[in-house]
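Open the model in your viewer and keep the selection tool at hand. We will go from the whole chain to single residues.

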Amino acid sequence: CDNTAFLDMTTATTTQIVALSGSTTIYVCELDVFTNGTAVGTLKYGTGSNCGTGTTALGPAWDFTAQTGLSVGSGLGMVFKTTASQALCFTSSANVNVHVHVSYTQF
């Protein structure tokens, strides 16, 4: 994976991390999430503003309590992927600080 993206969220919303690019697929090799409060987070893909159209979860919904997080993958090898022509987004269920980092490649 030759790209990284960061996202700092403070509201309960779905926010784009990586924009769609033509007909490419986004391959996520590492995902790190840390929350400052209780929230449910989900990695998703879709089109439109902040994955507002055709939104699909890439994995389970993760339950976080204050000062917790998760780390998936090492940066080598795919752990999640979108379908072609989709953006990558993250959804938080609460108005708390959520910090997201992904390592990814697109082709």
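Start with the whole chain. From the N terminus on, its elements run β-β-β-β-β-β-β-β-β-β. That makes 10 strands and zero helices. Here strands (E, at least two residues) and helices (H or I, at least four) are DSSP runs, numbered from the N terminus.

A word on what you are viewing. This is a predicted model, in which local features need pLDDT of at least 70 and side-chain atom pairs count only at pLDDT 80 or more, while totals for chains, interfaces and linings use all residues. Residues are numbered from 1 along each chain as its sequence is written, and side-chain values use heavy atoms, leaving out hydrogens and water.

**Zoom out: the overall shape**

Show only the C-alpha atoms. They fill a box of roughly 35 × 30 × 20 Å, taken along the principal axes. Now colour by burial. Buried means under 20% relative accessible area, exposed means over 50%, and partly exposed is in between (1.4 Å probe, protein chains only). Of the 107 residues, 46% are buried.

**Select the nonpolar core**

A nonpolar core is a set of buried Ala, Val, Leu, Ile, Met, Phe, Trp, Tyr and Cys residues joined through side-chain atoms within 4.5 Å. The largest one here has 25 residues. Select Ile-17, Leu-31, Leu-43, Phe-90, Val-100 and Val-102, which have the most contacts inside this core. Strands giving two or more residues to the core include S1 (3-9), S3 (26-35) and S10. In soluble globular proteins, nonpolar side chains tend to be buried together.

Stay on Val-100. What does Val-100 contact, leaving aside its neighbours within four places in sequence? Contact means heavy atoms within 4.5 Å. The partners are Ala-5, Phe-6, Leu-7, Ile-17, Leu-31, Asp-32, Val-33 and Phe-90.

**Select strands S2 and S9**

Pick residues 14-18 for S2 and 87-92 for S9. The two strands run antiparallel, joined by four bridges. Strands pair if DSSP finds at least two bridges between them. Find Thr-14, which stands opposite Thr-91 in S9. S2 is mostly covered, with four of its five residues buried.

**Select the cysteines**

How many disulfides does a search of the whole structure find? There are two. A disulfide is a pair of cysteine sulfur atoms within 2.5 Å. Counting bonded cysteines along the chain, the pattern is 1-2, 3-4.

Go to Cys-1 and Cys-29. Their sulfur atoms are 1.8 Å apart. Cys-1 lies in the segment before S1 and Cys-29 in strand S3, so this pair ties together parts that are 28 residues apart in sequence. The torsion about the S-S bond is about 60°, so the disulfide is right-handed. Cys-1 is partly exposed, at 39% relative accessibility. Cys-29 is buried, at 5%.

Next, Cys-51 and Cys-89. Here the sulfur atoms are 1.9 Å apart. Cys-51 sits in the loop between S4 and strand S5 (53-57), and Cys-89 in strand S9, so the pair ties together parts that are 38 residues apart in sequence. This link is also right-handed, with 85° about the S-S bond. Both Cys-51 and Cys-89 are buried.

**Last stop: Ser-103**

Select residues 98-106 for strand S10, then Ser-103 within that strand. Is Ser-103 buried or exposed? Ser-103 counts as buried because its relative accessibility is 7%. Not counting residues up to four places away in sequence, Ser-103 touches Cys-1, Asn-3, Thr-4, Tyr-27, Val-28, Cys-29 and Glu-30.
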